[in-house]
Structures are given as C-alpha cells and as structure tokens.
Amino acid sequence: MKPFEKAAILFLLKHLLSGIAGAVVLGTGLLWFDVARLATLIGNSEYGLVAIVMLYGSLMLTFGSVAMGIGIMALNEDTRP
C-alpha cells in the first residue's frame, strides 16, 4: 500500500469513527431519556433486540457517512486569513 493510500484510508476511518461515536451518543440518549416513548416501545416488543440493532446500525451508517462526507468536502478549504 502506498503512503498516500494509507493516509487517505486513515483519514476516512478517523471521520467514520467520529460519526459512529456521535451515533452511539444520540442512540443512547434517545433510549435513556425515552424520547417519544421509544425505549418503552422497544422494551415491550418481542423484537426489541432487532429494533435496537436496527436503530444503532442506521444511525451509525448515516452519521458515519455524513462525517466522512464532511471530511472530504473540507479537504480543499482555503485556510489563508
């Protein structure tokens, strides 16, 4: 693997992980504070585990993609005063 390829992959992974961290915080907050009675609904469902996996999975996919997109779009910013 060439050095610039390794740097690009690490750059994207860093942004992906920051997006995943944000998704975990949001998902946990939604369940902890029972927003719109979501935790109650999931707790009373026989498919609660599937619902939690889908909630966290979709949030991680969305937030990770957005974070990587923001990182890519910010690469060519002009930082001159």
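## Overall fold

From the N terminus on, the elements of the protein run α-α-α. The protein holds three helices and zero strands, where helices (H or I, at least four residues) and strands (E, at least two) are DSSP runs, numbered from the N terminus. With a radius of gyration of 17 Å, well over the 12 Å that the globule rule gives for 81 residues, the protein is more spread out than a compact globule. That radius is taken over C-alpha atoms, and the globule rule is 2.2 Å times the number of residues to the power 0.38. Along the principal axes, the C-alpha atoms fill a box of roughly 55 × 35 × 15 Å.

This is a predicted model, in which local features need pLDDT of at least 70, side-chain atom pairs count only at pLDDT 80 or more, and totals for chains, interfaces and linings use all residues. Residues are numbered from 1 along each chain as its sequence is written, and side-chain values use heavy atoms, with hydrogens and water left out.

## Surface, contacts and charge

Of the 81 residues in the protein, 16% are buried. Buried means under 20% relative accessible area, exposed over 50%, and partly exposed in between (1.4 Å probe, protein chains only). The accessible surface of the protein comes to about 6,300 Å², and 72% of it belongs to carbon and sulfur atoms. These areas come from the Shrake-Rupley method with a 1.4 Å probe; for residues, only the protein chains shown count as cover.

Among contacts in the protein with a separation of 6 or more, 72% are between residues 24 or more positions apart; a contact means heavy atoms within 4.5 Å. The protein has 5 positive and 5 negative charges, and their mean positions are 10 Å apart. Lys and Arg count as positive and Asp and Glu as negative, while His and the chain ends are not counted. The place of a charge is NZ of Lys, CZ of Arg, CG of Asp or CD of Glu.

## Helix α1

Helix α1 has 30 residues and reaches 43 Å from its first C-alpha to its last, close to the 44 Å expected at 1.5 Å a residue. The expected span is 1.5 Å times one less than the number of residues in the helix. In α1, the residues His15, Gly19, Ala23, Gly27 and Leu31 are buried, and the buried residues of this helix pack against α2 and α3. An α-helix has 3.6 residues a turn, so residues three or four places apart point the same way.

His15 is found in α1, which covers residues 3-32. Its relative accessible area is 16%, so His15 is buried. Not counting residues up to four places away in sequence, His15 touches Ala67, Met68 and Gly71.

## Helix α3

The 26 residues of α3 should span 38 Å, and the end C-alpha atoms are 37 Å apart, which agrees. Its buried residues are Gly48, Leu55, Tyr56, Leu59, Gly64, Ala67 and Gly71. They pack against α1 and α2.

Gly57 is found in α3, residues 48-73, and counts as partly exposed at 34% relative accessibility. Gly57 and Ala23 are 34 residues apart in sequence and 8.8 Å apart in space, C-alpha to C-alpha.

## After α1

Most residues other than glycine have a negative phi. Just after α1, Asp34 takes a positive phi of about 50°. Ala36 has a positive phi of about 55° although it is not a glycine, and Arg37 also has a positive phi of about 55°.

Ala36 is placed in the loop between α1 and α2 (38-44), and Arg37 lies in the loop between α1 and α2. Ala36 is exposed, with a relative accessible area of 76%. Arg37 is exposed with a relative accessible area of 58%.
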